[in-house]
Amino acid sequence: MGKIVVGCYVVGMVQTNFYYIHREESKETVVFDPGDFGKELYDELTKQGLEIKAIFLTHGHFDHIQGVEALREASGAPVYASEEEREFLLDPELNHSALYGRPCTVTADHYLRDGEEVTVADITLRMLSTPGHTIGSCCYYIDDGENAHYLFSGDTLFLESVGRTDLPTGSMSALVQSIRSKLFVLPDDTQVFTGHGGFTSIGYEKEHNYFV
């Protein structure tokens, strides 16, 4: 079984990290948070010979979902999200897409509960419910064996920072509790792929993230 390869495109008005992952020598790929340009992202991955098998959402803010429908239509891939984020995804006021003149809603094909695992493209992901940035924010953790741990943290955990909590359903106390109880218990060598900005690791954030 080949190693997991992680790729990234930065998309949209607030430079959201769109990730795609696949096994070495495999065409099947899983993607996270298509914040915009869904058809263009599909075209780019198709040029690489990749086949999108699933779309995972970390939360429902506009800058993480604007490209979902175009990407789902082009690829036929199902969309996964947290059960707790269902209302957020369906409300353009809550998800702030209406504020920016592009009202957007998403109905996920599969709503996940905390700790639920999904295996797609020979990769097993575990959804970790991490409320705080929004009520239904979540992260996706992959334990791929020794020295191969990956976390897609959305806007919960950033490099030396955390997600904002001043938008609807946000809570700093909930966010800090989520990070401490769900993320900082992961292996220190877990690579963290954040929703915006640079990558980091759990061990680094435990030492250098003064918000937590």
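Start by selecting residues 16-23, which are strand 2, and residues 28-32, which are strand 3. These two run antiparallel, and four bridges join them. Keep in mind as you look that this is a predicted model.

For a close-up of that pairing, click on His-22: the bridge partner it has in strand 3 is Thr-29. Strands of a sheet pair like this through backbone hydrogen bonds, and they can do so parallel or antiparallel.

In what order do the six strands sit? They go 1-2-3-4-5-6, forming an open sheet with mixed pairing. Select 4-11 and 110-112 to see the edges: these are strand 1 and strand 6, and each pairs on one side only. Ignoring direction, neighbouring strands of this sheet are turned by 25° against each other on average.

Select residues 38-47 to get helix 1, which lies across strands 1, 2, 3 and 4 and runs at about 145° to strand 1. Then pick residues 68-75, helix 3: this one lies across strands 2, 3, 4 and 5, at about 145° to strand 4.

For the last stop, select residues 172-183, which are helix 5, and find Met-172 in it. Is Met-172 buried, exposed or something in between? Met-172 counts as partly exposed because its relative accessible area is 36%, between the cut-offs of 20% and 50%. Leaving out residues up to four places away in sequence, Met-172 touches Val-162 and Thr-165. Show Gly-132 too: it is 40 residues from Met-172 along the chain, yet their C-alpha atoms are separated by 5.9 Å.

How values were computed. Residues are numbered from 1 along each chain as its sequence is written. This is a predicted model: local features need pLDDT of at least 70, side-chain atom pairs count only at pLDDT 80 or more; totals for chains, interfaces and linings use all residues. Side-chain values use heavy atoms; hydrogens and water are left out. Buried means under 20% relative accessible area, exposed over 50%, partly exposed in between (1.4 Å probe, protein chains only). Contact means heavy atoms within 4.5 Å. Two strands pair if DSSP finds at least two bridges between them. Axes are lines fitted to C-alpha atoms, for helices over the stretch in contact, and angles run from 0 to 180 degrees between N-to-C directions.
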